[in-house]
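Hi there,

Here is the structure I promised to hand over. Have a look at it first, and then read my notes below.

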Amino acid sequence: MTIFKFPKDFKWGTATASYQIEGATQTDGRGTSIWDTFAKTPGKVFNGDNGDIACDSYHRYEEDIALMKELGINTYRFSVAWPRIIPDGDGEINQAGLDFYHRFVDKLIENDIEPFCTLYHWDLPQALQDIGGWENRRTVDAFVKYSEVMFREFGGKIKFWLTFNEPWCIAFLSNLLGNHAPGNKDLQVALNVGHGILLAHGKSVLKFRELGIDGKIGIAPNVEWSVPYSKSVADQAACNRHIAWFADWFLDPVFKGSYPQFMLDWFEEAGAKPDVQPGDMETICQPIDHLGINYYTMNVGRYNPDGGILHMESLDMGLVRTDIGWPVESRGLYEVLHYLQKYGNIDTYITENGACINDGVVNGEVKDYRRISYLQQHMVQVHRAMNDGLNLKGYMAWSLMDNFEWAEGYRMRFGLVHVDYRSLVRTPKESFYWYQNVIRNNWLETKDVL
Ligand code: GCO
């Protein structure tokens, strides 16, 4: 048995996102988001599910905060629904929306839970999509306005900020692969969208500094690790592209002020390139205070000219998979963290990590031992990376509770707390009690949990 101790000020948390948990989509003046539209388009979301009710956290947030308190987390990562703050994206401010987040954030603070706020976790106001979404620079300016409203209202109260959650998903999953809202399948659109959000990120960070907000700000990419199937140059290059697609494509502009040339060349061969205007790259390249990393899985990649835009196929190496089909490989997290050192040893938070394990309630209990195993393995890798001297400041499990899993609807469950979507009853799972123990001890013990 080995004991892994964590530093005193380590942030232990969980993460959620507004559209996935809040429900109350028609309440208190909230505008429509692209996810409302997408979820109601037949064939886009499994079972025709949508976020109208979700976990109803908009109404049950006190119960949820009581659960957080019981769990013992000192940090909670949540996102704000832009359409609650500015219903049409760019017009009137909705006081009722601000009031909700004030009540919510005050309650967190009252319970000694640090609010860690994501400004954009995908619920773009539909009115902005109607003018071209992130491809239109009016959307970029509207985001800066929205973020200014948030900074002015919550600056000082909220000390930890993230501009964008998972730029790869916003650009490519949503606009090249078409799986998420708004569902485009066009590389040029994807590159424009990616560029738009980078620009919005840079301008928002500039605004944060200009206002002198007491707090820290950064961005949270999702990064998948890829290991080449063979030593062939082609396999290695395919995996390099795969990693860079998630990481370098967004982080090179943020940290270095340029897109990675080999990826620009690659996309240009496919006939597309981002619409970079003079001054854009300088605007994007603003010093940030921390980096959030969302990590779930690793690939073994092989060059295959039919393997999508990157010409890479992921091989099935027989790894254990979670119920959503993603291979479990915790060492990928360690590799990702080291890979990102090329951008400097910046304060880093694991802003999401977790497993889809669909075990249900049996006799009042949820014995999700596979989730415990997943979390434990990944936390050990975080600890390893910290031992190497990396500035890892916190770990936030995805997710506090089961919720609306985007295109998968409600069938895929990532929560430490089970949610019965008919009764909305919350039942803490075994993993909840396991995590509670880790947090209470501030160390992790690795005897085999299975
Ligand atoms: C994400 C997502 C979450 C997902 C999780 C599991 O940021 O991709 O933030 O919303 O639910 O990743 O797929």
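What share of the 450 residues in the chain is buried? Buried residues make up 60% of them, where buried means under 20% relative accessible area, exposed means over 50%, and partly exposed lies in between (1.4 Å probe, protein chains only).

Before the details, please keep in mind that this is a predicted model, in which local features need pLDDT of at least 70, side-chain atom pairs count only at pLDDT 80 or more, and totals for chains, interfaces and linings use all residues. Residues are numbered from 1 along each chain as its sequence is written, and side-chain values use heavy atoms, with hydrogens and water left out.

**The whole chain**

The chain has 16 helices and 15 strands; these are DSSP runs numbered from the N terminus, with helices (H or I) of at least four residues and strands (E) of at least two. Of the contacts with a separation of 6 or more, 77% are between residues 24 or more positions apart; a contact means heavy atoms within 4.5 Å.

**Cysteines**

How many disulfides does a search of the whole structure find? The search finds zero, counting as a disulfide any pair of cysteine sulfur atoms within 2.5 Å. For Cys55, the nearest cysteine sulfur is that of Cys356, 14 Å away. Cys55 counts as buried because its relative accessibility is 0%, whereas Cys285, at 26%, counts as partly exposed.

**A buried threonine**

Thr351 sits in strand S11 (residues 347-352) and is buried, with a relative accessible area of 0%. Leaving aside residues up to four places away in sequence, Thr351 touches several others, including Arg77, Leu162, Asn294 and Met396.

**Backbone details to look up**

The bond from Ala181 to Pro182 is cis, with omega near 5 degrees, and Pro182 is in the loop between helix H8 (167-175) and helix H9 (187-210). Another cis bond joins Trp398 and Ser399, with omega about 10 degrees.

Ala24 has a positive phi, near 45 degrees, although this residue is not glycine. Ala24 lies in the loop between helix H1 (18-21) and helix H2 (34-39) and counts as buried because its relative accessibility is 8%.

Enjoy exploring!
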